[in-house]
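Welcome! Keep the sequence and the model beside you as you go.

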Amino acid sequence: MIRSLFDSRRKRGFFVLQLLCSLLFQQSTWLWTVFSWPVLMDMLLFSLIYAFVMQSFFAGVLNRHTVVREQQTLTLPMALPLVRERVWQELQARYGRRARVQDECHFEVCTAWSVKSWGERLSVELAEAGGEATLVHLGSQPLCRLTLMDWSKNRDNIDGLVRALAQK
């Protein structure tokens, strides 16, 4: 049980952040009282308990919405030039001027920030799969490396683009 609360670097960082915030809050109120060791020990103990409770409360949220680079590969039964045109049209329709062509078979988009995130970097790579098939490799990751939770925004980016490409 306790091991699952601290099994990732993000969870340990979140715990330390909660502990520091609690200590800083209590420090501001402690400055107005007379110094005593029992009060200091109580403050440290309360901060530790608070951080542990918050960690156990948010452990499920951190597991569900932890930032992960989302990737997916799909095969479309069309020639590479047709898929390239479809991908470019879809990116233009969804993201407008933010869509960039890196090279002939690589596209990249930096999405706008929203309430859920500070933006994501979405990349699309195309490769021939033989015959009339084309491999489409999609990837999405947060723009800001300090992002703790992406609220499944990367997964939504990938799923939306897969649905759009498979539909037409």
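**Exercise 1.** Find out how exposed Asp159 is, and which residues it is joined to by salt bridges.

*Solution.* 
Step 1. Asp159 has a relative accessible area of 25%, so Asp159 is partly exposed. Buried means under 20% relative accessible area, exposed means over 50%, and partly exposed lies in between (1.4 Å probe, protein chains only).
Step 2. Arg155 is partly exposed as well, with a relative accessible area of 27%.
Step 3. Both Arg155 and Asp159 sit in helix 5 (residues 153–167), four residues apart, about one turn of the helix. Helices are DSSP runs of H or I with at least four residues, strands are runs of E with at least two, and both are numbered from the N terminus.
Step 4. Salt bridges with shared partners link Glu70, Arg155 and Asp159 into one network. A salt bridge here is a side-chain nitrogen of Lys or Arg within 4 Å of a carboxyl oxygen of Asp or Glu.
Step 5. Between Arg155 and Asp159, the closest N and O atoms are 3.2 Å apart.

A word on the source: this is a predicted model, in which local features need pLDDT of at least 70 and side-chain atom pairs count only at pLDDT 80 or more, while totals for chains, interfaces and linings use all residues. Residues are numbered from 1 along each chain as its sequence is written, and side-chain values use heavy atoms, with hydrogens and water left out.

**Exercise 2.** How many salt bridges does a search of the whole structure find, and which parts does the pair Arg84 and Glu104 tie together?

*Solution.* 
Step 1. The search finds five salt bridges.
Step 2. In one of them, Arg84 pairs with Glu104, with 3.4 Å between the closest N and O atoms.
Step 3. Arg84 belongs to helix 4 (residues 80–95) and Glu104 to the loop between strand 2 (99–103) and strand 3 (106–110), so this pair connects parts 20 residues apart in sequence.
Step 4. Arg84 is partly exposed at 21% relative accessible area, whereas Glu104 is exposed at 56%.

**Exercise 3.** Describe how helix 4 and helix 5 pack.

*Solution.* 
Step 1. Two packed helices are described by the angle between their axes and the distance between the axes.
Step 2. For helix 4 and helix 5, the angle is about 130° and the axes are 11 Å apart. Axes are lines fitted to C-alpha atoms, for helices over the stretch in contact, and angles run from 0 to 180 degrees between N-to-C directions.
Step 3. The two helices are therefore oblique to each other. Angles under 35 degrees count as roughly parallel, over 145 as roughly antiparallel, 65 to 115 as roughly perpendicular and the rest as oblique.

**Exercise 4.** Place Pro81 in the chain and in space.

*Solution.* 
Step 1. Pro81 is part of helix 4.
Step 2. Pro81 counts as exposed, at 53% relative accessibility.
Step 3. Pro81 and Glu128 are 47 residues apart in sequence, and their C-alpha atoms are 9.9 Å apart in space.
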